[in-house]
Amino acid sequence: MKRPSTKTKVVRRPLLAVDGDSFAHRAYHALPKSIRGRGGRPAGAILGFANMLLRLWRDERPRAVVVGWDTYEVATYRHEAFAAYQSGREFDDELIEQLGVLPEFVAACGFANAKAAGYEADDFIASAAGAEERRGGTALVASGDRDSFQLASAHITILYPVRGVGLARIGPAQVRERYGVEPALVPDFIALRGDPSDKLPGAPGVGATGAATLLRKYGNLEKMLAAGRYADHADELRLYRSIATMDRKAPLPRVAAQKPTWTKAAVLAREWELNALAGRLEEMAKT
């Protein structure tokens with residue numbers, strides 16, 4: 001009689017890719033501006049982001065964490081291709097100040113940062129998640145930007161904040177339910193529907209329902225244009241699709257397996273006079 005195998009399947013833990021700017025912005029606007037650190041410097045975004053990052057690590061226990069960041073001082077290829085892209089956005093000086101030091105906290109935790117001129121945070125998370133998928137692993141993408149839905153696959157899950165719910169897990173089925181199209185068609189969908197937050201106007205008279213209907217009928221944006229629909233706007237729609245498409249070739253740091261350095265992060269939090277955060281990190285270091 002054949003003896004049963006005693007081998008156990010090793011489950012590889014996921015890579016966690018975080019849109020740092022997305023969660024820092026959410027923390028800044030959600031927490032009181034009265035939260036201050038050393039020298040009375042603003043610290044609400046730091047504290048809120050740090051708590052979110054620690055909660056994600058505790059809940060998901062990833063093999064490694066990489067946090068993507070925007071670079072506000074340099075225009076991206078999106079801004080150069082479309083002058084109206086994200087026009088009118090203004091950020092408080094106190095938020096910019098905290099965004100400038102948050103990568104230091106990420107590094108103190110033993111995690112990786114990804115930031116480079118010409119790229120946005122979502123390019124780095126797309127690049128990291130895609131690379132992990134190609135290696136045969138799985139990835140979790142934490143982002144409050146619905147553009148990230150284009151990354152959803154059998155091996156990539158989006159952790160998307162929903163008020164009153166926490167982080168919703170978005171896979172291909174949830175993208176189809178929300179948008180009526182496959183994840184790969186999300187950039188086509190955005191090009192047609194438009195995106196007010198990024199100042200993308202979309203196709204004239206086409207909303208979310210119309211965009212999904214057109215894509216289901218024709219298959220994708222290119223086939224729709226080839227059929228003569230919105231041919232007068234072909235160049236603009238292709239541009240909008242390009243802008244909405246995350247760059248999966250954005251440069252990344254090496255993201256090997258990590259062991260969090262909570263004690264080092266606690267020392268930094270003490271230096272910043274964020275004592276409650278430091279205490280939490282010191283407790284995590286004991287486990």
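Student: Which residues does Ser-22 touch, not counting residues up to four places away in sequence?

Tutor: Ser-22 touches Ser-143, Gly-144 and Asp-145 once those sequence neighbours are set aside. Contact here means heavy atoms within 4.5 Å. A quick word on the ground rules: this is a predicted model, where local features need pLDDT of at least 70, side-chain atom pairs count only at pLDDT 80 or more, and totals for chains, interfaces and linings use all residues. Residues are numbered from 1 along each chain as its sequence is written, and side-chain values use heavy atoms, with hydrogens and water left out.

Student: Why does Ser-22 count as buried?

Tutor: Buried means under 20% relative accessible area, exposed means over 50%, and partly exposed is in between (1.4 Å probe, protein chains only). Ser-22 has 13% relative accessibility, so it counts as buried.

Student: What makes Glu-132 buried?

Tutor: Its relative accessible area is 0%, so Glu-132 is buried. Glu-132 is part of helix H5, residues 121-134. Among the residues Glu-132 touches, beyond four places in sequence, are Arg-12 and Arg-63.

Student: How do you know that E5 and E6 pair?

Tutor: Two strands pair if DSSP finds at least two bridges between them. E5 (residues 156-162) and E6 (residues 166-170) have five bridges, in the antiparallel sense, and they count as a pair. Tyr-160 has Ala-168 in E6 as its bridge partner, and Pro-161 stands opposite Leu-167 in E6. Three residues lie between the two strands of this hairpin, and Gly-164 in the turn has a positive phi of about 80 degrees. Strand E4 (residues 139-142) also pairs with E5, in the parallel sense over four bridges; there, Val-141 has Ile-158 as its partner.

Student: Why is E5 called largely enclosed?

Tutor: Five of its seven residues are buried, so the rest of the structure largely encloses E5.

Student: What makes a set of residues a nonpolar core?

Tutor: They must be buried Ala, Val, Leu, Ile, Met, Phe, Trp, Tyr and Cys residues joined through side-chain atoms within 4.5 Å. The largest core has 50 residues, and Ile-158 and Leu-192 have the most contacts inside it. A second, separate core of 42 residues includes Ala-50, Leu-159, Ala-269 and Leu-277.

Student: Which residues of H11 are buried?

Tutor: In H11 (residues 262-271), Trp-262, Ala-265, Ala-266, Leu-268 and Ala-269 are buried. They span an arc of only 160 degrees around the axis, which puts them on the same side of H11; the arc is that of the directions from the helix axis to the C-beta atoms. Thr-263 and Lys-264, on the other side of H11, are exposed.
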